[in-house]
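Hi,

Here is the structure I said I would pass on.

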Amino acid sequence: MISLTDSQKIGMGLTGFGVFFLFFGMILFFDKALLAIGNILFVAGLAFVIGLERTFRFFFQKHKMKATGFFLGGVFVVLIGWPIVGVVLEVYGFFLLFRGFFPVAIGFIRRIPVLGSLLNLPFISSYVDKVGESNTMV
């Protein structure tokens, strides 16, 4: 079992609440306040989990500057009051930032009994195989 420090536990809670508020904000027709709270909690939770320095190094690598711009630009656009445009920018930036992690996540999900069999269905497996291929390093 992985042992977590107290700040990492707080970070996991903040990140979880951030994802909850983002999801709930989208369910309630892109509520600006919930999306803004979710964005702030998600980014703060990430900083608590991996540390402030590693968070800055992750977001501001040269090859990830475009993705960071879209993600943080989307957060800013949500904060100034255009939630739909901001969420679209954030989602695009999120996929660009974390695309190196998708093959690992798909490999893990394929080992889970029920979900693995769902990912191997004929009409889903070709799409999942494309997403699971990694052309870039993390």
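This is a predicted model: local features need pLDDT of at least 70, side-chain atom pairs count only at pLDDT 80 or more; totals for chains, interfaces and linings use all residues.

Of its 138 residues, 29% count as buried. On charge, there are 11 positive side chains and 6 negative ones, with the centres of the two sets 6 Å apart.

As for the fold, I get 8 helices and 0 strands. The C-alpha trace spans about 45 × 35 × 30 Å along its principal axes. If you take the contacts between residues at least 6 apart in sequence, 50% of them join residues at least 24 apart.

The unreviewed UniProt entry annotates residues 12–30, 36–56 and 68–85 as "transmembrane region". I checked two of those stretches against the model. Residues 12–30 come out as 84% helix and 0% strand, with the end C-alpha atoms 24 Å apart. For residues 68–85 the figures are 89% helix and 0% strand, and there the end C-alpha atoms are 16 Å apart.

Now for the inside. The largest nonpolar core has 10 residues: Phe42, Leu46, Phe58, Phe59, Ala67, Phe71, Val75, Leu96, Leu97 and Phe98. The top contributor is α4, which gives 3 residues. There is also a second, separate core of 5 residues, and Leu22, Leu35, Ala36 and Val87 are among them.

Cheers

Technical notes:
Residues are numbered from 1 along each chain as its sequence is written. Side-chain values use heavy atoms; hydrogens and water are left out. UniProt positions are given in the numbering used here, feature names are shortened, and annotations may be inferred rather than shown by experiment. Helices (H or I, at least four residues) and strands (E, at least two) are DSSP runs, numbered from the N terminus. A nonpolar core is a set of buried Ala, Val, Leu, Ile, Met, Phe, Trp, Tyr and Cys residues joined through side-chain atoms within 4.5 Å. Buried means under 20% relative accessible area, exposed over 50%, partly exposed in between (1.4 Å probe, protein chains only). Contact means heavy atoms within 4.5 Å. Lys and Arg count as positive and Asp and Glu as negative; His and the chain ends are not counted. The place of a charge is taken as NZ of Lys, CZ of Arg, CG of Asp or CD of Glu.
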